[in-house]
Amino acid sequence: MIAWLLLLSLLSKSTQDQQGEENGVSHCEPQNLNLTSSDQMLMLTWEDDPLCSRGVLIYEFVVLIADKAVHSEEVAVEPAQIRSRHSWNWTSHLPLECAFHSVRLRSQYGNYTSQWKEERIRKQSGGFRVFPRNKVLEVGTNATFCCIVSPNEEFYFMNLGKYRGTNNITTKISEDVYALTLHLSQPPSHTSTDVYCNIKGQGHNGASNFIGYPPRAYDLQCETRDLKSVECMWKEKKTYLTNKHPTTYWLGGRKCQPVVYSCSQPFAGEKNWTLTAENVLGKVELQDRADLKERVHMFAPEELTALTVNARNVSLKWKWTEKHYSSLNITCLINVSDGETHNIRSISGAGLNAAPINNLTPNWRHSVKVQCGTAQHFWKWGDWSKTLEIHTKADVPDALDVWMMMKEDHTVVIWKEPRANQSHGHIIDYEVTWSKTRERNNDSKVTLSNSSHSFAHTVDHSEEYIVSVTARNSIGSSPPSTIIIPSSGSD
């Protein structure tokens, strides 16, 4: 009897030990599962049982869409991570409004595998039939759209209006859900792209989405204009996104509101700058490195004036609004235009703020403007000043263009009427002087009106004559233009 009781006691202890080990394994099952979503991402969180603390714990996941397995993976939890709350996520190619998404989870611990635990989720459609809606999609990626049909409707086809993607595939997800997958191979021709689900005999349902690019900024260049702040500029290609999905910019970690792809901020001696551009599809970082003392982009000269104006030269003066420019070695370009031609002149100096201009046309309107840059470590030319209009003073006319025609009984001396930029003022009259070559001190002269441009002279053909013509304005007479009338014996 005692032996029988002892045998029962041993059997009972062995059974309890085995059940305890099994119960220990069962404690390794995942607990407190919670499945949530964000857009098309599934997020699962869970906990380990506190008693499961030895060895490597492995969790196995299976994702199902409309009860069809579409994805599986394993995650190992190291001993140091056991007893903490875990998270896992996965992004579906299909909008969550289209079909139930399920996540199954079980654990593998030692030689034992737990039972599957499952969580399901499906977003409410809100009465809409086509998804996604108002989503921003990236050019160069694949996109999937779904159509939910009613039991009494017959699906016909799906398309994206006039948008032409590639690799278009239509699949049946379930009895009431169809999906169109395609490669977004090009940017859209309109601000939004409409997705249509066509039902036989009943028209179509639709949804609008947006197709574009992450920020496409490039070629960052930073400079200074006042030696106190930095201004960074860049180029940018079109993202095809509307103002609803703008690009946000940061320069050196500070948010900036760019004006034509340019941001500025105070300068404190930095030599490295980072521009970050971000929109809903991603972000890009651009960097530039330079000593700003070698990248001075000067402002335009202010208050450009003419201190003195003469017939053929003027003296210019201007001011700098930035006092730091007075310590710079400056080279300036002076653009002088007479209405027909442009002449660029260069001048250099420390803190340059004045310059003479020579070789101008008298009694003429000239347009003058100035731009400058640093002579040492030249970066780029600054802005042009406002244009200054200058009217030079009058001067004596230029020498006339004179020629002659010889006839049987007389010679006609002819001159060309001077142009406005040759007369240098109103021509009052012309003076013609002539004499025989051998009688130079016995001149004859005649004054003709400003409308006359020739003079007929009867000569002794046996004599050689010297004829001079001058033009006169309010300042004086032009240099004489001389022509020789040969004797009839000369060739």
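The legends below describe close-up views of a predicted model.

**View 1. An open sheet of three strands, in the order β17-β18-β21.** The pairing within this sheet is antiparallel, and its edge strands are β17, covering residues 217-223, and β21, covering residues 262-266, each of which pairs on one side only. From one strand to the next, the twist averages 20 degrees.

**View 2. The pairing of β17 with β18.** Strand β18 spans residues 229-236 and runs antiparallel to β17, to which it is joined by five bridges. Within this part of the predicted model, C222 stands opposite C232, a residue that belongs to β18.

**View 3. W320 in the loop between β25 and β26.** The loop that holds W320 lies between β25, which covers residues 314-319, and β26, which covers residues 329-337. W320 has a relative accessible area of 16% and is therefore counted as buried, the cut-off for that term being under 20%.

**View 4. The surroundings of W320.** When its neighbours within four places in sequence are left aside, W320 is in contact with M298, F299, A300 and P301, with Y325 and I330, and also with G351, L352, N353 and C372.

**View 5. W320 and L281, shown together by their C-alpha atoms.** These two residues are 39 residues apart along the chain, and in the predicted model a distance of 45 Å separates the C-alpha atom of W320 from that of L281.

Conventions: Residues numbered from 1 in each chain as written. Predicted model: local features only at pLDDT ≥ 70, side-chain atom pairs only at ≥ 80, totals over all residues. Heavy atoms only, no water. Pairing = 2+ DSSP bridges. Helix = DSSP H or I, 4+ residues; strand = E, 2+ residues; numbered from the N terminus. Axes fitted to C-alpha atoms, helices over the stretch in contact; angles between N-to-C directions. Buried < 20%, exposed > 50% of the residue type's maximum accessible area, 1.4 Å probe, protein only. Contact = heavy atoms within 4.5 Å.
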